Amino acid sequence: MSGRGYPATDRRPEGVLVRDSHSKVHVVKIMLLRFNFLLLLTVMSMVIAQAADVAPGLVVLARNERLAALGTLPDGMTVLQVLDDVLVAKCTAVGLEQAAAAGLLVRWLADWDDGTEYLLVAVDDDADLRQLAARGQVAPVTDGVALFWTPVDIPGRALIPGRLPVKRLSRRAVSVDWPGEASAADEPGLELTYDPLIATMAAAVSMENLTGYIQTLQDFRDVHDVRTRDARWAGCRQAGNYLYDFFREMGLEVEFDDFSFYGYNTRNVVATLPGRCRPEEVVIICAHYDSINRNGVGEAPGADDNASGTAVVMEAAWILRHYSLENTVRFVCFSAEEWGLFGSEHFAAAAADDGENIVAVVNLDMVAYTDFVPEDLDIICNGPSIWLGQLFAAAAEMYTDLDVKRITNPMFIYSDHSSFWDNGYSAVCGIEDANVTYPYYHSEFDTFDKLNMDFCTRSARAAVSAVAELAAPVPIIAGDVDWNGSVDSVDMVLLAAVLSENLAWPSGGGEIQADLNEDGLMNAVDLLELHRRVSGPTL
C-alpha cells in the first residue's frame with residue numbers, strides 16, 4: 001500500500017490567485033501569502049525537528065535500486081526489521097532530511113515511544129487490518145505485514161487474533177542484508193561428500209522416540225488441569241523442567257536461560273555438546289516448546305506446533321551425543337515464541353553481544369502434519385542464509401528420501417530463525433508448509449492423532465544430517481573410548497569402569513567405538529580385545 005497522497009485534478013483549487021497585469025493588489029496579496037506561508041513552514045520545521053530529535057518515529061524505507069546503490073543508511077536511521085521490499089526503521093529528523101536529500105522513498109508509520117510495544121503481524125487482507133484497528137493502533141507496513149502497537153504493559157498478542165502470526169519489533173538495530181550478499185550466496189552446485197558416520201546418525205532416528213517426546217509434551221497441564229504449554233502458565237514451566245532433565249540425562253551440559261515478557265517469567269532450555277576441534281564455532285538446532293490457543297484461553301496441546309520441532313531437537317541430542325564433533329552443537333528449546341519470539345530474541349541478542357561465533361542455525365517449527373502425501377519440507381532462508389538452505393537440501397537428498405523445497409523469503413519472520421537473522425547469523429526454518437495449511441493451528445485440536453509420524457521421522461533425519469554436516473563428525477577409531485584420537489591405556493581404564501557400572505560413557509564417546517568385535521554388545525570380550533590392541537598380542 002502507498003503512503004498518504006493527493007489525487008490528481010485538473011481543477012484549480014479555490015482561493016489561488018493568478019497574476020494579472022490589471023491587478024497589482026493580487027500580486028501584493030500573493031507575496032504576503034508566500035511570506036507568511038514560508039514563515040509558517042520554517043516554524044513548523046523547527047518544531048518537528050526538535051520533537052523528532054527527542055522522540056524518533058517509525059518509518060518504512062523502500063528497498064529500491066536507489067537505496068541499493070547508496071549501500072548505506074542515512075544517519076539518524078536505525079533499522080529494526082528487514083523485509084523483502086522495505087525496511088522498518090526508527091528515524092530522527094536528521095534521518096528524514098538525509099533520506100529526502102538522497103531521493104529515498106520514506107513513509108511515516110507511527111511515533112516512537114519507549115512505553116509502547118510494537119508488533120509486526122501477518123495479515124491477509126483489509127478485513128484483518130480492520131479487525132486489528134478495532135483492538136489497538138495499526139498501520140500497514142507492506143503487502144501482508146502490519147504494525148500493531150499498544151502500551152508496553154498490555155500483552156499485544158492477547159489482542160491480536162490467534163490465527164495471525166506475530167513478531168515483536170526489535171528494540172535495537174538489526175543486521176541488514178544488502179542485495180549483493182544475496183546474489184553472491186545463491187550459487188548453484190553445492191555438493192557434499194558422502195560420510196558413513198552421518199548416514200549412521202540419520203538412520204538412528206527413531207519414530208518411537210519422536211512419538212514418545214510429542215505425546216509427553218502435549219500432555220503438560222496448568223494448575224487448572226488444562227493441557228497447555230502457554231509460556232504464562234505452569235504447563236510450560238513443567239515442560240521446561242522435562243527438557244532440562246532429558247538433556248542432563250544425555251550427559252550434556254544444560255542450563256536455563258531466564259527472561260521475562262509482559263511481567264511473566266519463563267526460560268529457554270540450552271544444552272551443549274562441546275566441539276573437540278573448534279569448540280568456539282557453534283551450530284544450533286532449535287525449536288520453540290511453548291504453545292498457544294488462538295482464543296487466548298483454553299487447551300493448547302501443541303502437538304504439531306511445536307512439540308514436533310522440539311521432538312526433533314531432542315532426538316538430535318540423543319543421537320549426536322554418541323559422537324565426537326569438530327564444532328560445538330547447541331540444542332536450544334525456546335519459550336514465548338508464540339508471544340512474539342521473545343525467547344529467541346533474548347538468546348540471539350545475548351549471543352551477538354557476547355561475540356559468539358554461531359556458524360549456522362537450523363530451526364524446526366511444525367514438521368509433522370501432511371496435507372498431501374508425499375509431503376515436502378519447506379526450508380526458508382534469507383539472502384545471507386541461502387548457502388545454509390542449499391546445504392540442508394543437499395544433506396536431505398544424500399542421506400534421506402525427504403523432498404525439500406528451498407525458499408528464499410525475508411518476509412518469513414514469524415519463527416525463531418528470524419531472531420538470528422536480526423543479529424547477522426545464518427539461519428533457516430524447516431516447516432511443513434510456509435503458507436500454513438494446518439487446520440488445527442493454535443487450537444485445542446492440535447493433538448498427536450493429527451500427525452504423520454513417517455513425515456516427522458524423515459524430517460528429523462534430514463535435520464540431523466544437516467547439523468552433522470555443519471558440526472563435522474570426527475572419524476571413529478575403534479577402541480578410542482575417550483575420543484582423543486589414540487587408543488591407549490586410558491581407554492582400557494574407562495571401558496573397564498563403564499562395564500563395571502562405575503562410570504558413565506565419556507561425553508562424546510561411547511558404545512560405537514567400544515564395540516571392537518562389532519557384535520552389537522559391549523562386554524568383557526571387547527575389553528580383552530582392547531587390551532590386546534594396546535599391549536600387543538599376548539596378555
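Reader: How many helices and strands does the protein have?
Author: Happy to start there, with a note that this is a predicted model, in which local features need pLDDT of at least 70, side-chain atom pairs count only at pLDDT 80 or more, and totals for chains, interfaces and linings use all residues. Residues are numbered from 1 along each chain as its sequence is written, and side-chain values use heavy atoms, leaving out hydrogens and water. Helices (H or I, at least four residues) and strands (E, at least two) are DSSP runs, numbered from the N terminus. On that basis the protein has 17 helices and 16 strands.

Reader: What percentage of the residues of the protein count as buried?
Author: Buried means under 20% relative accessible area, exposed over 50%, and partly exposed in between, with a 1.4 Å probe and protein chains only. Among the 539 residues, the buried share is 52%.

Reader: How do α9 and α10 pack, roughly parallel or roughly antiparallel?
Author: Axes are lines fitted to C-alpha atoms, for helices over the stretch in contact, and angles run from 0 to 180 degrees between N-to-C directions. Angles under 35 degrees count as roughly parallel, over 145 as roughly antiparallel, 65 to 115 as roughly perpendicular and the rest as oblique. Helix α9 (residues 234-249) meets α10 at about 15°, with the axes 10 Å apart. The two helices are therefore roughly parallel.

Reader: Which residues of α10 does α9 meet?
Author: Contact here means heavy atoms within 4.5 Å. From α9, Tyr242, Leu243, Phe246 and Phe247 take part, and their partners in α10 are Thr310, Val313, Met314, Ala317 and Trp318.

Reader: And how is α7 oriented to α14, roughly parallel or roughly antiparallel?
Author: Helix α7 (residues 196-203) packs on helix α14 (residues 453-471) at an angle of about 150°, and their axes lie 8 Å apart. That angle makes α7 to α14 roughly antiparallel.

Reader: Where is serine 500, and is this residue exposed or partly exposed?
Author: Serine 500 sits in the loop between α15 (489-499) and α16 (511-514). Its C-alpha atom is 9.8 Å from that of alanine 524, 24 residues apart along the chain. Because its relative accessibility is 39%, serine 500 counts as partly exposed.
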